Amino acid sequence: MSAALAARRVLAAASHSGNEGGARTWKILTIVLAFPGVSVCIANAYMKAQAHSHEQLEFVPYSHLRIRTKKFPWGDGNHSLFHNPHANPLPDGYESSHH
């Protein structure tokens, strides 16, 4: 048997037996880094949502926004599919001035 063939067999055997540590490493990284990272992001989003004011923005009738060339195929034709009356104004302004 040649030396090159023997070296190839040794390397092939080593590559098959060295995979046990890889899964364990990723499991540890997930527990130590990913879960705390996601927890910090959730806490940050929650705190920003608590500090956010829910005041309605002033309506400015810009001519290039809210253009209706044809009616929407649902409802009265003037409201978008996911219309929020507090956040989305119609072409002539908000539907109501309070929550």
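These exercises work through a predicted model of one protein chain.

Residues are numbered from 1 along each chain as its sequence is written. In this predicted model, local features need pLDDT of at least 70, side-chain atom pairs count only at pLDDT 80 or more, and totals for chains, interfaces and linings use all residues, while side-chain values use heavy atoms, leaving out hydrogens and water.

**Exercise 1. Describe the chain as a whole.**

Step 1: Take the secondary structure. The protein chain has 2 helices and 0 strands. Helices (H or I, at least four residues) and strands (E, at least two) are DSSP runs, numbered from the N terminus.

Step 2: Check burial. Of the 99 residues, 5% count as buried. Buried means under 20% relative accessible area, exposed over 50%, and partly exposed in between (1.4 Å probe, protein chains only).

Step 3: The chain exposes about 8,800 Å², and carbon and sulfur atoms supply 64% of it. These areas come from the Shrake-Rupley method with a 1.4 Å probe; for residues, only the protein chains shown count as cover.

Step 4: Turn to contacts, meaning heavy atoms within 4.5 Å. Among those between residues at least 6 apart in sequence, 41% join residues at least 24 apart.

**Exercise 2. Find the nonpolar surface patch that includes W26, and place W26 in the chain.**

Step 1: List the members. W26, I28, L29, I31, V32, L33 and F35 make a nonpolar patch of about 750 Å².

Step 2: Apply the rule. Patch residues have over 30% relative accessible area and no salt bridge; like charges are joined within 9 Å, nonpolar side chains (Val, Leu, Ile, Met, Phe, Trp, Tyr) within 5 Å. A salt bridge is a side-chain nitrogen of Lys or Arg within 4 Å of a carboxyl oxygen of Asp or Glu.

Step 3: W26 has a relative accessible area of 61%, so it is exposed.

**Exercise 3. Classify the aromatic pairs.**

Step 1: State the rule. Rings of Phe, Tyr and Trp (its six-membered ring) pair if their centres lie within 6.5 Å; planes under 30 degrees apart are stacked, over 60 edge-to-face, the rest tilted. The count is 2 aromatic pairs.

Step 2: Take F59 and Y94. Their ring centres are 6.3 Å apart and their planes are at 75 degrees, so the pair is edge-to-face. Both residues lie in the segment after α2, 35 residues apart, and the pair links distant parts of the chain. F59 is partly exposed at 22%, and Y94 is partly exposed at 21%.

Step 3: Take F72 and W74. The centres are 5.3 Å apart and the planes at 10 degrees, so this pair is stacked. F72 is partly exposed at 29%; W74 is partly exposed at 34%.
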